[in-house]
Structures are given as C-alpha cells and as structure tokens.
Amino acid sequence: MTQLKTSEITSYDRQDWERGYESQPQEYDYWIDDIEGEIPPDLQGTFFRNGPGLLEVNGQKIHHPFDGDGMVCAIAFNNGRAHFCNKFVRTEGYIAEQKAGKILYRGVFGTQKPGGFFTNIFDLKLKNIANTNIIYWGGKLLALWEATAPYRLDPYTLETLGLDDLDGVLKPNEAFAAHPRIEKGKNGKSDRLINFGVKVGLSSTITIYEFDTDGKLLHSHAHSFPGFAFLHDMAITPNYCIFFQNPLVFNPLLFILGLRGPAECLKFMPNHPTQVILIPRNGNQEEVKVLEAVPCFVFHHANAWEEEGEIFVDSICYESFPTLESGSDFRELNFDSVPAGELWRFRLNLQQETVEKDVIESRCCEFPALPPERVGQPYRYLYIGTANAESGNAPLQAILKIDLVSKDRQIWSAAPRGFVGEPVFVPRNSFKSEDDGWLLILMYDAVNHRSDVVILDALDISKGPVTKLHLKHHIPYGLHGSFVSDIVHRG
Ligand code: CO
C-alpha cells in the first residue's frame, strides 16, 4: 500500500470549501423552524456575528475576503425559540457601490477598482467596510473595522444608524480596533471594555481606551513607537495591554502606485525579532516595556495573565505573514503554500527582559475563545477552530477544546462537508465550573449549501451538537462575534 503524504489526504472537497465564499446578497428576518435537538431553555440572549457578506460587487470579484462588505447576523434565543436576521452595514462605500453597481474603492487587502493602473494610481481612499467584529457596549451595538470609527446599528433590527465617534472620544479619522477585550469586574468593581486604535506612519501611535459599562470613557493614553505596526489584536492583564509588533516592513510604493492593497505591501523579515510591547494600563510612559521574541506573525491572542512576577501570553502564531500570491484569487489559495496557525505560549520575564516560547498546539488552528470570566486571568480551557487532520494546513472544520492543565483534548469535527467559524462561549447561569457553558458556532453545510447555528455543550464537545438550527440559506465564512444576554428579539 502506498503511504500518502499528509498534504495529499484531504478531509474536504475543494469546491465545497469555495462555495462557502459565495456572496449572500439577501437580507432575511424569520423564526428558525428547522431544528435538530432542543434549544437549551435557559439560553437567552442574542448571538451577533460579523463578516464579509459580499465577495463581489455586481459580478466584479473582490481580491480578498477581508475586503468584503460587512454583513451582521443576529440569532436571538428567546424561551426555547430562535430568530434569525441579517443585514449589511450601510457604510458610505456599500451604499455608493450598490448604487453604481461596481467597485468604487480600493481595499486594504488588494481589491482594485476596475480600469487598471490609471484608475488606481494615487487613489489612497479606502473603504470602511465595518466587517470584522460586532459588540454591544454602553447601550450601543457597534460594527467594528480596525482602521476607522465603528458603525452603530439598531440592536433589534440591525438597521445602520451611522458612524459613531463614541460620544466624542474618537476624533475624525481616528481608528478603533476590532478586538476590544472585556475585563470582568472583581471585588465589587464593574466590567470594563478596553480597546485600542493605531495610527501608522514612519512611527506608529497606539492609543488605549478604557470604558465603563455605560460606555463612558474612563481614561485614554497614547504611546508612540518607531516603525510600522500592523496590530490587529491585543491581550490584556490586570496591569498591561500587550501588543506583538511582528517583523513586517511596509513598502507603500506599490500601494501608492495603485498596484497593490496596503496589506499586500507588507514584507516579513524572518531574521528580525517580534517586538512585544507592554503598555501599562495606568498610562505611565516610563513603565512601557519592549521585549524581543522569536519572529512570527500573530493575528489573534488567546489570553494573557500575570503570575508570580511573570506574564504569560497565549497566541495563534504563524511562522511568517500569510500572504496571497499577488494577482491570484483567494479562492485559488493553495493551503500547502501558506503557513498554518499554531498555539504558542510566551513567558515574559520583565526583570530579566526575556521571552521564552513553547508550542502548546501544533495542529492548524485559529479563532480562539474562552470563558469571559477568564479574560486577562489564569485559565484552564481554550476552545479554538481547527482543521480536521492533525497535521498540515487546511480549512477549519472542527472545534478543539484544550485543557491547558491536564493537556487533554476534545474535538468535534464537521468534516467532511461542514466548515466552521469562530466559536463563541456563553456561560451557563448555573456556572458550576470554568467550562460550564455553550459554544455557539456558525457552520457552513456544503451538502445543503446552507449554514447551521451549532450549539455545543462546552463541558464535553466530543459528544457533538446539542442543537443544530438549520438556516434557510448560507452565510459566507465570517470573522468575529459576541453574545449578549440582555438583547433578545421583540417578537
Ligand atoms: Co480578528
């Protein structure tokens, strides 16, 4: 018998995977009636999720899914029933392009206006696509995209209310990242939302914002660093905001000339260290620290915490920046030619200024999630999207539960014809243990070309879905989401 190389064994069909990237131009609003299993009666609230809904404009393909117009889904669980609604964020760009029936803006990830070189040269205006995350905070539902202010939506109807400057916190053209962290209040303190904004140039400025539960700014502070910083996410601890400035250099010439999107002008420098930037949450510039770690690229951090004078950071790391070959369509991505994400643990010693690295999980993974109570704290359980096969790079088709103490693993796989997105952890009201909750996942089912909302029991994901809610249509692969217990559908 011939031994197959891992890369030749695929648990999925290539066309199945590609169909999950078909646009969904329709907007729906209905009670879900096709349900396998029971909706847990005490699951009350709304699961919001954001992601690119259009992968082309009137037949003109966009170059990268990260350039797709933001479409928000809301799945509201109310007394054992579930309601589905999806709507595009009516950004200035979405409205203009839908009216014109063609691409009018350039995208960060390389989408160009049709017409070639002369239409794109010196056009540096990028489209705010509001497609990366969706949070409900201080009474506002906000669709986030990291390079600009958020768009505010009605939490019940998902109608777009407009760009939101957070009651004057954001000045014109100031950015608000798509990865805020919520720190659960302890010892009588209230919860806080902590986020950042990056202004890039020859040097980069990171501004940190902390908000109370009413959405009122508690404090903000800005810090500048030399060089170009491509920062998608941060990790927090009780005392620090932590950023990984990966060894990327930005050569804007091709972007200015209109030949590439800005994210395509990033070059990975494999012999340069990653700079780990620690900004104290009290804003004291003298306490800012920069340590050096191994070269790698990070989109997402899983968690960070402080323990006996050291700081630990768990992150999804790539050996280099995963870029598409220019000119190629993302649908033609060769998984074997791009690095796979792995879960790495960094141990930071601030006195000795050292960073040690350990690989916790070498299986291809992305989109980490953990119980909200453990954000910024020592934690035991991590949930993450993973490939079906143990090795090699492939689409995410399974959810992995990692017990970071016992090292046990549990897996639930939707392969061969299911493809998963980010899991969102919802704690049970009974909250008996750290992992007592549900995982909510939007899964693309290629058999029926539709999406399912899958509910897993976070205590034991290996037993498979508790409930599968079959939508009437598909939702293209998305990015991030959140669960809000106090918003439910009015119906
Ligand atoms: Co992200």
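Author: Phe297 and Phe299 are both buried, where buried means under 20% relative accessible area, exposed over 50% and partly exposed in between, with a 1.4 Å probe and protein chains only. This is a predicted model, in which local features need pLDDT of at least 70 and side-chain atom pairs count only at pLDDT 80 or more, while totals for chains, interfaces and linings use all residues. Residues are numbered from 1 along each chain as its sequence is written, and side-chain values use heavy atoms, with hydrogens and water left out.

The structure holds 24 aromatic pairs. Rings of Phe, Tyr and Trp (its six-membered ring) pair if their centres lie within 6.5 Å; planes under 30 degrees apart count as stacked, over 60 as edge-to-face and the rest as tilted. Tyr12 and Phe419 form an edge-to-face pair, with 6.4 Å centre to centre and 80° between the planes. This pair links distant parts of the chain, 407 residues apart: Tyr12 lies in the segment before helix H1 (14-19), and Phe419 in strand S30 (residues 418-420). Helices (H or I, at least four residues) and strands (E, at least two) are DSSP runs, numbered from the N terminus. Tyr12 and Phe419 are each buried. Phe297 and Phe299 also form an edge-to-face pair, at 4.9 Å centre to centre and 85° between the planes.

Ring pairs join Tyr12 and Phe419 into a cluster with Trp17, Tyr21, Phe335, Tyr444 and Tyr477.

Charged groups also meet rings. The charged end of Arg81 sits over the ring of Trp31, 3.9 Å from its centre, and that of Lys472 over the ring of Tyr30, 5.0 Å from its centre. The criterion is NZ of Lys or CZ of Arg within 6 Å of the ring centre and within 35 degrees of the ring normal.
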